[in-house]
Amino acid sequence: GKTVNLLDGDLRHPRIHRILNIDPRTGLSEFLTSDDSSDIAFVPSRVPRLHVLPAGRPLANPADLLSSQKMIDLIADASKDRTLVIDSPPLLGPADTFVLARYCDAVILVARAGKTKVGSLQRAVAHLKALGIGKIFVILNRTTPATSRYYYYRYYRYYGKGTG
C-alpha cells in the first residue's frame, strides 16, 4: 500500500522506461548533467503508487555523476516520504553499481538459474559486505525443477558452512 519511487540507475544501458512504457527523454542523466533540473521529476506509471525517474540518455562513464552531491540530494529527497528502489547495472560489471549500493539499506541480487555462477554470487556478496551493506537478498529466476535442485544444493552447502 506504500508509494514507491523507482530510479533507473543504469545510465549505460537503461531499460526501465521500455518496460514501463515511459518517455525516456528527461531522466536521471539530464538531472545530473543539467544546471537547471527543475523539470526533472518522478512520474506516475501505469502501476498504482509507482513513480519512476527513467535513466534518460545513456552515458559512457557515469560513476562520477552517480557519486555527486546532486545525486546524494536526489536520493535523500526521493526517499523522504516514499520507499526508494534503485535499479542498477549488473553488480560485477561497472563501478556504477557499487556507487549506487552505498546509498542503499538493502540490496537484492537477481541471479539466473543455470547461468549465474555460484562463485560470482559469492564475490558479489563479499563486495557488498565490504561496503557495509547489512541486508543482502538473492532472487533466483528462470528456475526449472532440474536447476532448482542443483542451486539449492550448492547454496545450502555454501551457506551451511557459516559463511553466509
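The buried residues of helix 6 are Val118, Leu121, Ala124, Val125 and Leu128, where buried denotes under 20% relative accessible area, exposed over 50% and partly exposed the range in between, computed with a 1.4 Å probe and protein chains only. These residues cover an arc of only 120° around the axis, which puts them on the same side of helix 6, the arc being that of the directions from the helix axis to the C-beta atoms. The expected span of a helix is taken as 1.5 Å times one less than its number of residues; for the 13 residues of helix 6 (residues 118–130) this gives 18 Å, which agrees with the 18 Å that separates the end C-alpha atoms. Helix 6 is followed by Gly132, whose phi is positive, near 90°.

The model is predicted, so that local features need pLDDT of at least 70 and side-chain atom pairs count only at pLDDT 80 or more, while totals for chains, interfaces and linings use all residues. Residues are numbered from 1 along each chain as its sequence is written, and side-chain values use heavy atoms, with hydrogens and water left out.

The protein chain contains 7 helices and 6 strands, which are DSSP runs numbered from the N terminus (helices, H or I, at least four residues; strands, E, at least two). From the N terminus on, the elements follow one another as β-α-α-β-β-α-α-β-α-β-α-β-α. Of the 164 residues in the protein chain, 37% are buried. Among contacts (heavy atoms within 4.5 Å) with a separation of 6 or more, 74% are accounted for by residues 24 or more positions apart. The protein chain exposes about 10,100 Å², of which carbon and sulfur atoms supply 53%, the areas coming from the Shrake-Rupley method with a 1.4 Å probe.

A nonpolar core is defined here as a set of buried Ala, Val, Leu, Ile, Met, Phe, Trp, Tyr and Cys residues joined through side-chain atoms within 4.5 Å. The largest such core has 18 residues, and those with the most contacts inside it are Leu7, Leu28, Leu66, Met71 and Leu74. Helix 2 (28–33), helix 4 (69–78) and helix 5 (96–101) are the elements that give two or more residues to this core, and the largest share, 4 residues, comes from helix 4. Apart from this core lies another, of 11 residues, among them Leu91, Ala101, Leu109 and Val125. Leaving aside neighbours within four places in sequence, Leu28 is in contact with residues including Leu7, Leu11, Leu53, Pro54, Leu66, Met71 and Leu74.

An open sheet of 4 strands has the order 2-3-1-4, with mixed pairing, two strands being paired if DSSP finds at least two bridges between them. Strand 2 (43–44) and strand 4 (83–87) stand at the edges, each with a single partner strand, so one side of each is left without a neighbour in the sheet. Strand 2 pairs with strand 3 (residues 50–53) in the antiparallel sense over 2 bridges, and His51 in strand 3 is the bridge partner of Pro44.

Most residues other than glycine have a negative phi. Arg49, although not a glycine, has a positive phi of about 65°; Arg49 lies in the loop between strand 2 and strand 3 and, at 45% relative accessibility, counts as partly exposed. Asn21, likewise not a glycine, has a positive phi of about 55°. Asn21 is placed in the loop between helix 1 (16–20) and helix 2 and counts as exposed at 63% relative accessibility.
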